[in-house]
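Please keep the model open beside the text while reading.

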Amino acid sequence: MSDWKIRRAPAIHTEITVPGDKSISHRAILLAALTNGPCVIRGFLPGEDCLSTVGAMRALGVSIEIQDETTVLVRGTRGVFKAPAGDIDCGNSGTTMRLLSGLLAAQPFETRLVGDASLSKRPMKRVIEPLTQMGAKFVAEGGDGRPPLKVKGAKLRSIQYASPVSSAQVKSAILLAGLFAEGKTTVTEPSQSRDHTERMLEYFLVRPQKNGLSTSIRGGQTPESRDFEVPGDISSAAFWLVAAAANPDSKILVRKVGLNQTRTGVLGVLLRMGAHVREIVENEEAEPMGTVELRGARLKGTVIEGKEIPNVIDELPILAVAGALAEGLTVIRDAKELRVKETDRIAAIATNLRAMGAEVQETEDGMEIQGGKPLRGATVDSFGDHRIAMAFAIAGLFAEGETVITGTGCVATSYPGFEAQLQELIKEQRSEPIPVISQLPQSDS
Ligand code: S3P
């Protein structure tokens, strides 16, 4: 695995796009496979995680043609799949394993799902529990609900399930299984998680019903085949947004990025921290997408907690870096979920920020960062986690001396091309002014 060497960079002035949204790319493949015909998916993220979903659906007999890197043709099979010839490898992808569990719960065969060392440690009880209630049988070979998972499908019954975690993966697994169950399946979450599955079901003309934090689906419906456009990933954009936010002389425009309100919490946090942020939704057909304009500032600390957490869950590593670069205290709490991501992200962030000279107190469900101490370059590890690698690459842009990030191969799971874009951004610093969208009739978000 290659290392990255990063040095302090001047202010950035740039206009960029980011690769397709990871969560939406997974769902586009899965839902297109359930439709009654061909669907062309444009803007697909060709990251390893989404390719794990492609491989899984191919193993289940679905024809998927990658026409160019980001354009994929899926021929829907109306939810009729064939038993795979061997294990299905979900790689590093929790989304693949959990959402697929929902589909496989209804299939008349047994499947074994395996993953890499990180995925093999991640909790699957959260999907095993409701899907077992619906009638499927699971064996968690790793013990205590850990993968490998054997899934034996069955004729499913509908359930009303109150999920103990705000997890879009759990919600989605139940809704996908609910499509095959008799009657109406309802899932209720403690607070709103990303709603891409619900939106995509709607887009493919299956009508989920929403009632507060509950979503219901009637079984026996076949999604209608349609083409789909995936917006850029706001979670990937977040790295560049923080790179610009923490320098008062920086400015960035991110185009064609997803602006689903269950995902844009990062913009609200950066606004609270003092950055100047505007968002403009330009298209809302399947998912809202548009432009974000951000101008940097002297950031100040903030508190990130409660209902906001599911909305920023994947951005917390880079927001913690923003906290270290801000004046005053940043507190992250109610984020225990970070401990069961690709790595224990609370421990990883605290370890790396401390190595760079920041003052961080780890708590059980988050951390406290006393910001404003100058960061110094250090050698920090990715812990095999793509978002840790990228967050600390951005930290390196603000540190004295050289920062080395080890184990950066994992970045290919969600952001192939990150390194090239980083190099481009540093050297690009253009002299001409970039376009502004400030004249548009929108107030700060
Ligand atoms: C995802 C949901 C989130 C997120 C993950 C992708 C999804 O996980 O952290 O990166 O695509 O549904 P949880 O649903 O487990 O919170």
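A pocket here is an open set of grid points with protein on both sides within 12 Å along at least five of seven lines, and its lining residues are those that have an atom within 4 Å of a point. The structure described below is a predicted model. The points that follow are grouped by topic, beginning with the pockets.

**The second largest pocket**

- The second largest pocket has a lining of 16 residues, and those nearest its centre are Ala-246, Arg-298, Leu-325, Gly-372 and Phe-398.
- Its space comes to about 310 Å³, and the residues around the second largest pocket comprise ten nonpolar, one polar and five charged ones.

**The largest pocket**

- The space in the largest pocket is about 670 Å³, and 33 residues line this pocket, with Arg-126, Ser-166, Ile-313, Glu-337 and Lys-341 lying nearest its centre.
- Two or more residues of this lining come from each of the elements α1 (22-34), α3 (94-104), α5 (168-178) and α9 (308-312).
- Sorted by class, the lining of the largest pocket consists of 16 charged, nine polar and eight nonpolar residues.
- The largest pocket lies between domain 1 (3-20 + 231-440) and domain 2 (22-229), because both domains give residues to its lining.

**The sheet of four strands**

- Four strands form an open sheet in the order β2-β15-β17-β16, and their pairing is mixed.
- At the edges of this sheet are β2 (13-17) and β16 (276-283), each of which pairs on one side only, while neighbouring strands are turned by 15° against each other on average, with direction ignored.
- Strand β17 (residues 289-295) pairs with β16 in the antiparallel sense over seven bridges, and Val-292 in β17 stands opposite Glu-279.
- Helix α7 (residues 234-245) packs on the sheet, where it touches β2, β15 (251-258) and β17, and the direction of α7 makes about 170° with that of β15.

**The sheet of three strands**

- Another open sheet, of three strands with mixed pairing, has the order β1-β23-β22.
- Its edge strands, β1 (4-7) and β22 (379-381), each have a single partner strand, so one side of each is left without a neighbour in the sheet; the twist from one strand to the next averages 25°.
- Over three bridges, β22 pairs in the parallel sense with strand β23 (residues 402-406), and Val-380 stands opposite Ile-405 in β23.
- Helix α12 (residues 386-396) packs on this sheet and touches β1, β22 and β23, its direction making about 30° with that of β1.

Technical notes
Residues numbered from 1 in each chain as written. Predicted model: local features only at pLDDT ≥ 70, side-chain atom pairs only at ≥ 80, totals over all residues. Heavy atoms only, no water. 1 Å grid on protein atoms, 1.4 Å probe; cavity = no way out; pocket = protein on both sides within 12 Å on 5 of 7 lines; lining within 4 Å. Points joined across faces, edges and corners; volume = space filled by probe spheres on them. Nonpolar A, V, L, I, M, F, W, Y, C, P; charged D, E, K, R; others polar. Domains from an automatic or database assignment. Pairing = 2+ DSSP bridges. Axes fitted to C-alpha atoms, helices over the stretch in contact; angles between N-to-C directions. Contact = heavy atoms within 4.5 Å.
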